[in-house]
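Please keep the sequence and the structure in view while reading.

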Amino acid sequence: MPTVAIAQPLKIGFHEFAPFSFNENETATGALVELARIVCNELPQGCEFSIVPNPRAKQLLAQGSIDALFMGWNEERATQLLFSLPLLETEYGFYTLPPLQLKSLTDLEGLSVGVFVPSNTHYELLKLNNQLLTNDKKPFRVVEFPQGNQLPLRMLQKGRFDAYFVNRDVGAWYAAREEIGSLIYLPAAGRIQYCLAFEDRPEQKEKVKQFNHIVYKLSKAGRFDATLNQWKMSPSSLTMPADLHWNMPF
């Protein structure tokens, strides 16, 4: 009898990025993981989730060891990667501690701002710094931090930098966990779409299309609503598929 090829599960990598993706009691969970799991339950081949240290994640993606990673969409990444339809929408902003209360971007002139690298937050922060320069304002100093967990908030407490630029929900999650009160938040980078990112190869394009058709169908049916509400997250404001961002094959 001829051998029947069995499709391999979609391998999705994630790193500790609570409340979006993290390990809890040896199990992958978080808003993005749970939304992706709803899609994966509709995929004939299913999915496998594995935790991947962030510095290594892109290497594994390029090597084909994993099929996809959770990422925020941006123009630069879209020149190299394929993206799923957004699973949720979020925002970035600045956290400070009293007495520093930011009212606008210009309040950061000459101050120091911590940010996790490599990350989409870093990419967006540099764009904000360029806005100051364009308007003949003094830029802020970017302090690159190699961890995106609770440690940058501790460094903020210790005065290592004046403000911490981070995903709003990530900052709030770790602040609550570390019992860091009195944080002041200034939204600053508009709406950010969180998706799955795939290598831009022909064989991956079909996987992305398959995944995206399921995302679209489930979104229209309201199948993500309960999970989004559970994690206090917002659905994408994109009118799919009419408002697709660049390199989101459908």
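## The second largest pocket

The second largest pocket has a volume of about 250 Å³. Lining it are 13 residues, and those closest to its centre are Lys-58, Glu-76, Arg-77, Gln-80 and Leu-81. At least two lining residues come from each of H2, helix H3 (75-78) and H4, where helices (DSSP runs of H or I, at least four residues) and strands (runs of E, at least two) are numbered from the N terminus. By class, this lining has five nonpolar, four polar and four charged residues; Ala, Val, Leu, Ile, Met, Phe, Trp, Tyr, Cys and Pro count as nonpolar, Asp, Glu, Lys and Arg as charged, and the others, Gly among them, as polar.

A pocket here is an open set of points on a 1 Å grid over the protein atoms alone, with protein on both sides within 12 Å along at least five of seven lines, whereas a cavity is a set of points where a 1.4 Å probe fits but cannot get out; lining residues have an atom within 4 Å of a point. Grid points are joined across faces, edges and corners, and a volume is the space filled by probe spheres set on the points.

## Basis of the model

This is a predicted model, in which local features need pLDDT of at least 70 and side-chain atom pairs count only at pLDDT 80 or more, while totals for chains, interfaces and linings use all residues. Residues are numbered from 1 along each chain as its sequence is written, and side-chain values use heavy atoms, with hydrogens and water left out.

The largest pocket has a volume of about 310 Å³, and among its 22 lining residues His-15, Glu-16, Phe-17, Gly-148 and Asn-149 lie nearest the centre. Strand S2 (22-24), H2 and helix H6 (168-177) each give two or more residues to this lining, with the largest share, three residues, coming from H6. The lining divides into 13 nonpolar, seven polar and two charged residues.

The structure also holds one cavity of 30 Å³ or more, and the volume of the largest cavity is about 340 Å³. It is lined by 27 residues, of which His-15, Phe-17, Phe-70, Ser-119 and Asn-120 are the closest to its centre. The elements that contribute two or more residues are strand S1 (10-14), helix H2 (54-63), strand S5 (68-72), helix H4 (120-134) and strand S10 (163-167). This lining comprises 15 nonpolar, ten polar and two charged residues.

## Strand pairing around S11

Strand S11 (residues 184-199) pairs with S5 in the antiparallel sense over five bridges, pairing being counted if DSSP finds at least two bridges between two strands. Within this pair, Phe-70 stands opposite Leu-196. Strand S6 (residues 81-83) also runs antiparallel to S11, joined by three bridges, and Leu-82 has Phe-198 as its bridge partner. Strand S7 (residues 88-96) pairs with S11 in the antiparallel sense over eight bridges, and Gly-93 stands opposite Pro-187.

## Nonpolar cores

A nonpolar core is a set of buried Ala, Val, Leu, Ile, Met, Phe, Trp, Tyr and Cys residues joined through side-chain atoms within 4.5 Å, buried meaning under 20% relative accessible area with a 1.4 Å probe and protein chains only. Of the 67 residues in the largest core, Phe-20, Phe-70, Leu-88, Phe-94 and Phe-165 touch the most other members. Helix H1 (residues 31-40) gives the most to this core, with eight residues. A second, separate core of 14 residues includes Leu-60, Ile-66, Leu-69 and Met-248.

Key
Buried means under 20% relative accessible area, exposed over 50%, partly exposed in between (1.4 Å probe, protein chains only).
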